[in-house]
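Please keep the sequence and the structure in view while reading.

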Amino acid sequence: MPLVHEVIVVSVLLSVRGLKKYFVQGGGILGGEKEVVKAVDGVSFDMKRGETLALVGESGCGKTTTGRLVLRLLEPDDGEIIFDGVNITHMSMKELRPFRRRMQMIYQDPYASLNPRKPIGEAIAEPLIVHGLAEKEEAKEQAMKMLERVGLTPAEDFYDRIPSQLSGGQRQRVVIARAMILKPEFVVADEPVSMIDVSMRASILELLKGFQEEYGLAMIFITHDLSVARLVADKIAVMYLGKIIEYGPVDKVLRDPRHPYTAALATAAPSITMRRRKRLDIKGEIADPRNLPLGCRFHPRCPYAKEDCASKEPELREMDDGRLTACHYPLEEGFLDHWLKG
Amino acid sequence: MVESVVRLEDVSVHYYTFTGVVKAVDRVTLDIPRGEFVSFVGESGSGKSTLALALLRLVPPPGRIVSGRIVFNGMDLLSLPEQKMRELRGKSISMVFQDPMTSLDPVRKVGEQIADVYIEHGVTTDMEEALKLAREALEMVGIPGDRVNYYPHQLSGGQRQRVLIAAAVALKPSLLIADEPTTALDVIVQAKIMDLLEDLMRELKMSVILITHDIALAAERSDRIAVMYAGRVVEYGPVDAIIENPLHPYTRGLLESAPDLWGEKRIKGIPGNPPDLRNPPRGCPFHPRCPRRFDPCDKDEPGYVKVDDRIVSCHLYTR
């Protein structure tokens, strides 16, 4: 195992630099053109302990791939992942083991992420045994406590149940319990409430928040739903075709976007309190990731695109209020407010 | 009295499963006014999709419509011969489903699939003529006519849903039922598909029934909302009244559960779990989760009460 490279005094837990993942399609025995999909194409961000970063964007923007790369569930093609001061980008599976315990994933689908035949108590105890942290009896005891903690009570009644005997919301509690039993420092939650009925989302989010406070957990919360992102996150990164196009404090970015794409997303999301708002419409649908537009990837859909947007790719740069926006002609401060009133 | 496009009277749909009878839709009575956009809102298991299928008499076995009347244009759909019902489907009442990829045949050109509708319903017997009409139908939903020759996989998700809508409105039905038509799509595309439905509704003088789990989407688009819980319509009325002053505690709970980009930065949720419809609670099906339950709620089932221009099924209003 490599030694700790440097002692980072600040509370940065995770630092991602220039992360890339390209998938190659076709060109196999069936022939056909080899095509490259740039799923994640140069993503960088830092996260502090206890912080929640929402990764948002439309399907195909690279948010889920980014989450999986950071946990080293996928091999990055380029870039660096520094976790607690250690570069884990190129570690072998064996070297990664102690880190695996500290970083966990919560998946979207509580039906698919649990073994349908395994009693849920055993599913929750299992990671303790796999990581050699407890013997069978001790693991069971801890799993019981965890069942209580996530509200599946009385725990003795729930321990031996199998997933099909639970509701969707209860299953997601099991998935969370299984991730949290190792007391991780970092978790990637991929759309953890999008398959849960609306009336039960609050309690699942509450549960995550509780663990977060208790463990000082840093969380990447992947969602397509901006209104959920606003509830849970401190910071938000809006992704488009493999890149972060806007990043900053969640309210600043969502309520006062400087990137036209963020403004389009924010005004498109259905809202009860602003039912008759004016939408900022953009053209068409997300481009084919195998055939990215030149220049700014968003320019073919952008209502404000100018000539050089089609030739020069914008970098993320700091705006006067400290947030980062990748746009040659960012919206003015307070744009959305005026737009919605006008 | 507004004229209704369809009127449900005491409609019940049960599923006869090995583990018991599931009352998926339980004695639903309501009127859908002609030319309106009406949403059925509910969570999983509320019966909203089953009710939509019942309107077309397409409830799959082991489900069965066990009682009631569905009056459409003066006819009771439930007593029509199947042959007559088949003529109505796609012509007078059409449906659009959630996933455009599974509703389209992947190996046939989209134009042919729309053209089928004209041929099946005897508008023409000539495929050339039908394809010409299909081209016009595509243009009506905002897709260039030359895409009649595209296969579904050559279109984006939003365009595929437009193709299905084109097929559904090809014969200018008086009622279009859309079951979660945008759930698989991103928000920007969703907004445009909903715009399209609204435009078509006006142009073709249709009524639209939207089935959705998203009360915010329903609130933005509907004239009227029916909130469903455990197979029952618990509240039905004009959208503004329901959003601004929900009468049923479940409606209120649902509204307070929906995160909102422009609203408060917290949501409440509703305690507990939805009921097991094989073994629903006695009395009001919502009472175990209801913050306002009182004496009669766990004993007597509430009937429907009319409160102004709304109907609500709750003991708070029965006296």
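In chain B, eight strands form an open sheet of mixed pairing, in the order β6-β7-β8-β3-β9-β10-β12-β11. Strands are DSSP runs of E with at least two residues, helices are runs of H or I with at least four, and both are numbered from the N terminus; two strands pair if DSSP finds at least two bridges between them. The model is predicted: local features need pLDDT of at least 70, side-chain atom pairs count only at pLDDT 80 or more, and totals for chains, interfaces and linings use all residues. Residues are numbered from 1 along each chain as its sequence is written, while chains are lettered from A and ligands numbered from 1 in the order in which they are written.

**The sheet of chain B**

- The edge strands, each pairing on one side only, are β6 (93–96) and β11 (305–307) of chain B.
- Neighbouring strands of this sheet are turned by 20° against each other on average, direction ignored.
- Strands β3 (37–41) and β8 (207–212) of chain B pair in the parallel sense over five bridges, and B:Phe37 stands opposite B:Val208 in β8(B).

**Helices against the sheet**

- Helix α6 (157–169) of chain B packs on the sheet and touches β6 and β7 (175–179) of chain B, its direction making about 170° with that of β6(B).
- Helix α10 (249–257) of chain B lies across β9 (224–229) and β10 (232–238) of chain B, at about 100° to β9(B).
- Such angles run from 0 to 180 degrees between N-to-C directions, with axes as lines fitted to C-alpha atoms, for helices over the stretch in contact.

**Chain B as a whole**

- Chain B has 10 helices and 12 strands.
- The C-alpha trace of chain B spans about 70 × 50 × 45 Å along its principal axes.
- Buried residues (20 or more other C-beta atoms, placed from the backbone, within 10 Å of their own) make up 49% of the 319 residues in chain B.

**Contact between the chains**

- In total, 32 residues of chain A are in contact with 34 residues of chain B; contact requires C-beta atoms, placed from the backbone, within 7 Å.
- On the side of chain A that touches chain B, α7(A) gives the most, with six residues.

**Helix α3 of chain A**

- The buried residues of helix α3 (120–130) of chain A include A:Ile120, A:Ala123 and A:Leu128.
- Among the elements covering the buried residues of α3(A) are α4 (136–149) and α6 (168–180) of chain A.
- A:Gly132, which follows α3(A), has a positive phi, near 65°.

Conventions. A residue is buried if 20 or more other C-beta atoms lie within 10 Å of its own, exposed if 12 or fewer, and partly exposed in between; C-beta atoms are placed from the backbone. Two residues are in contact if their C-beta atoms, placed from the backbone, lie within 7 Å.
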